[in-house]
Amino acid sequence: MNKWWPAPAKLNLFLHITGRRPDGYHELQTAFQFLDHGDKLKFTITENAQITLKADLPEVVEEDNLIVKAARLLQTSCKSRSGAIIQLEKNLPMGGGLGGGSSDAATTLVALNKLWQCGLTEDQLASLGLQLGADVPVFVRGHAAWAEGVGEIFTKIEPPEPWYLVIFPECAVSTAEIFSATQLTRDCEPITIAGFLAGEGSNICESVVTKLHPPVAQALAWLAQYATIPRMTGTGSCVFARFESASAAENVLEHVPAHWHAFTAKGCNESPLSFCAKDFDRRLDVTAI
Ligand SMILES: C[C@@](CO)(OP(=O)(O)O)[C@H](O)COP(=O)(O)OP(=O)(O)OC[C@H]1O[C@@H](n2ccc(N)nc2=O)[C@H](O)[C@@H]1O
Ligand SMILES: Nc1ncnc2c1ncn2[C@@H]1O[C@H](COP(=O)(O)OP(=O)(O)O)[C@@H](O)[C@H]1O
């Protein structure tokens, strides 16, 4: 049966900028964790090579959609003669720092690699993903990670998996806009994984984003009434706080002002996409017997 593949959200549990490369890209330290909440994609394989996207996403023209770009890139790389009709259920806000577009691209690479039987390795898929965006490789690899470089050098980590309340303050923030801001701090002292797991780290982009986008400051101030250390993810705009239980997060969700979109989700060190890919392999094994 044709099933839905998950494209989960990510959180940056902290984000520091430690330098800048000659090409302008920023050197980062960050920790990625996935959420059990995100977009969903369904793939129907076709005999002709056409890639068709069915998505209610008028903001992004089909040619620019990372799903279409990922499918075409894989098709060229593995010389697939098949095509696909790809259906997208978009649940994640765009420009929210939850990595929705990157996650959609990663799910497309992982799913079509299996469905077209391309046989590319995880390393090959991650390096294709990096051509599409700095955030795509972590979604391909599917494990919570400490990331350095421009965000592509990973070490697996196992942080606690709390419940989160995530608020999208109804404003989109462009990653490029924040990385080009002159006031951005770009000389954070490097920290260690042990230091992070012991509670060090913040989101260094928060001060710039809150000045340029007041709703982000308002959402952080609102969350601070209910939780300790509310934080922004990535370059914004979403903010989040952690809770001990689903019910504790849901109790606060009930009070979120109606003009903001918000949801609760569980932190996951293994991505829902990774579970789905393993389940796909397991089913193939069963069919083969
Ligand atoms: C910083 C993070 C943290 O997760 O921000 P979010 O986008 O998730 O908020 C990401 O790594 C972003 O990844 P992604 O959103 O894929 O960025 P890309 O499309 O590759 O790049 C968008 C723009 O951001 C800048 N950029 C991106 C990554 C980086 N390490 N340094 C940069 O300077 C570049 O100017 C680039 O043109
Ligand atoms: N499938 C997609 N879903 C969302 N955004 C996409 C997609 N394809 C391309 N984009 C572009 O990527 C930008 C960043 O989107 P997204 O990844 O959701 O946000 P963020 O990087 O802040 O987490 C969008 O504003 C949009 O222009």
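Two ligands and the residues around them

Strand S2 gives the most to the shell around ligand 1, with three residues. The model is a predicted one, and the description below takes its two ligands in turn.

The shell of ligand 1 draws on several elements of secondary structure. Besides S2, which spans 26-46, strand S1 (4-20) and helix H5 (175-179) each supply at least two residues. There are 17 residues around ligand 1, and those that come nearest are Lys-10, His-26, Asp-135, Thr-175 and Thr-235. By class, the shell holds nine polar residues, six nonpolar residues and two charged ones.

Some of these residues can be followed down to individual atoms. In the side chain of Lys-10, an N or O atom is 2.6 Å from an oxygen atom of ligand 1. Asn-12 also approaches through its side chain, where a polar atom lies 3.2 Å from an oxygen atom of the ligand. Thr-235, by contrast, makes its approach through the backbone: one of its backbone N or O atoms is 2.8 Å from an oxygen atom of ligand 1. On its own, ligand 1 has 690 Å² of accessible area, and the protein covers 81% of this. As for location, ligand 1 sits in the largest pocket.

Two helices, H1 (66-77) and H2 (100-115), each supply at least two residues of the shell around ligand 2. Of the elements that contribute, H2 gives the most, with four residues. Around ligand 2 there are 18 residues, of which Asn-65, Leu-66, Gly-97, Gly-99 and Gly-101 come nearest. The shell divides into three charged, six nonpolar and nine polar residues.

A backbone N or O atom of Gly-97 is 2.9 Å from an oxygen atom of the ligand, and for Leu-98 a backbone N or O atom lies 3.2 Å from an oxygen atom of ligand 2. A side chain is involved at Asp-104, where an N or O atom is 3.1 Å from a nitrogen atom of ligand 2. Taken alone, ligand 2 exposes 540 Å², and 77% of that is buried by the protein.

Technical notes: Residues numbered from 1 in each chain as written. Chains lettered and ligands numbered in written order. Predicted model: local features only at pLDDT ≥ 70, side-chain atom pairs only at ≥ 80, totals over all residues. Heavy atoms only, no water. Near = heavy atom within 4 Å. Polar contact = N/O pair within 3.5 Å; in protein donor to acceptor, adjacent residues only side chain to side chain. Areas by Shrake-Rupley, 256 points an atom, 1.4 Å probe, with all protein chains shown as cover. Nonpolar A, V, L, I, M, F, W, Y, C, P; charged D, E, K, R; others polar. 1 Å grid on protein atoms, 1.4 Å probe; cavity = no way out; pocket = protein on both sides within 12 Å on 5 of 7 lines; lining within 4 Å. Sits in = over half its atoms within 2 Å of the grid points.
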